[in-house]
Amino acid sequence: KKDLQLEMAGWATDRRKDRLHELETQVLSPVFQLSGGEAVGSAVLMHREDTAEGTRYYALSCYHVIRDILEERADKEDLTQEEVAAVFTHADGIEVDATARMIAWDIPTDLALLELTSDYDLRNVARLAPRNRNQELGVFANIYTVGCPLGTAAQATSGEITRTAWEVDGEDYWMVSSPAYFGNSGGGVFHADTLELVGIFAKIYTHGSYRPQVITHMGLAIPIDTIHDWLSDAGYD
């Protein structure tokens, strides 16, 4: 009996280690920091393509993140030619630099698609959930929100979808309770069970006009069906 208990305890420990490894590689690692001037934000690596010229990566972020980063470049004429600094901080402490440029964007949905180049392996890519996953995600669905608040390395918080079809400026968002802050914009929202990317964090509520207070548990995320619709319309489905 004692040997069986020890075996079961070891099995449970191995399961926990496996789960933590999955969370690290599928949820935390694909999210990285974008910065420029005084602006910071996040993005999610979501596709890798090996070509004759080398490896090409693609990532999702928010349009307003790239807009704010490029705002001080007075001479910008073609946004697709402007480079944005990206930094990946892996769990082992290694930092990898990359260069990103925006190749497609949409102002109403606040989505941006980035192409990245780097001399190094950027490691893990998020798994984009299928379009029909949206039908399974409603209020109380468990999620992880991952981003780079205040320009830090990627951090994960857990929470739930608290409202669906929350309309802001004519666009539908999910409201999520997982704590977030400035800099989380463009980061990922992940399904807590499948670890798939199901949303892009876009906005956070503030209260008051003189000294606005951030309501960290009232974030807005762009849902997976909106992401698929836009990628398809932009020719990147």
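One cavity of 30 Å³ or more turns up in this predicted model. A cavity here is a set of points on a 1 Å grid over the protein atoms alone where a 1.4 Å probe fits but cannot get out. Grid points are joined across faces, edges and corners, and the volume is the space filled by probe spheres set on the points. The model is predicted, so local features need pLDDT of at least 70 and side-chain atom pairs pLDDT 80 or more, while totals for chains, interfaces and linings use all residues. Residues are numbered from 1 along each chain as its sequence is written, and side-chain values use heavy atoms, with hydrogens and water left out.

**Cavity**

- The largest cavity holds about 30 Å³ of space.
- Its lining includes Val31, Phe32, Gln33, Val87, Phe88 and Thr89. Cys148, Ala153 and Ala154 also line the largest cavity. Lining residues have an atom within 4 Å of a point.
- E1 and E4 each supply at least two residues of that lining. Strands (E, at least two residues) and helices (H or I, at least four) are DSSP runs, numbered from the N terminus.

**Aromatic pair**

- The whole structure contains two aromatic pairs. One of them is Phe32 with Phe88, stacked at 4.2 Å centre to centre and 25° between the planes. Phe32 is in strand E1 and Phe88 in strand E4, so the pair ties together parts 56 residues apart in sequence.
- Rings of Phe, Tyr and Trp (its six-membered ring) pair if their centres lie within 6.5 Å; planes under 30 degrees apart count as stacked, over 60 as edge-to-face and the rest as tilted.
- Phe32 is buried at 1% relative accessible area. Phe88 is buried at 0%. Buried means under 20% relative accessible area, exposed over 50%, partly exposed in between (1.4 Å probe, protein chains only).

**Barrel**

- Six strands close into a barrel, in the order E1-E2-E3-E6-E5-E4, with antiparallel pairing. The twist averages 40° from one strand to the next.
- Strands pair if DSSP finds at least two bridges between them. E5 (residues 95-106) and E6 (residues 111-117) pair over seven bridges, antiparallel. Trp105 stands opposite Ala112 in E6.

**Helices across the strands**

- Helix H2 (residues 63-70) lies across E1, E2, E3, E4, E5 and E6, at about 100° to E3.
- H3 lies across E2, E3, E5 and E6, at about 65° to E6. Axes are lines fitted to C-alpha atoms, for helices over the stretch in contact; angles run from 0 to 180 degrees between N-to-C directions.
- In H3 (residues 224-233), the buried residues are Ile224, Thr226, Ile227, His228, Trp230 and Leu231.
- His228 has a relative accessible area of 18% and is buried. His228 touches Leu128, Ala129, Pro130 and Arg131, not counting residues up to four places away in sequence. Contact means heavy atoms within 4.5 Å.

**Strands E7 to E9**

- E7 (residues 142-147) and E8 (residues 155-168) run antiparallel, joined by six bridges. Gly147 has Gln155 of E8 as its bridge partner.
- E8 pairs with E9 (residues 171-176) over five bridges, again antiparallel. Val168 has Glu171 of E9 as its bridge partner.
- E8 and E9 form a hairpin with two residues between them. Asp169 in the turn has a positive phi of about 55°.

Conventions. On a 1 Å grid over the protein atoms alone, a cavity is a set of points where a 1.4 Å probe fits but cannot get out, and a pocket is an open set with protein on both sides within 12 Å along at least five of seven lines; lining residues have an atom within 4 Å of a point.
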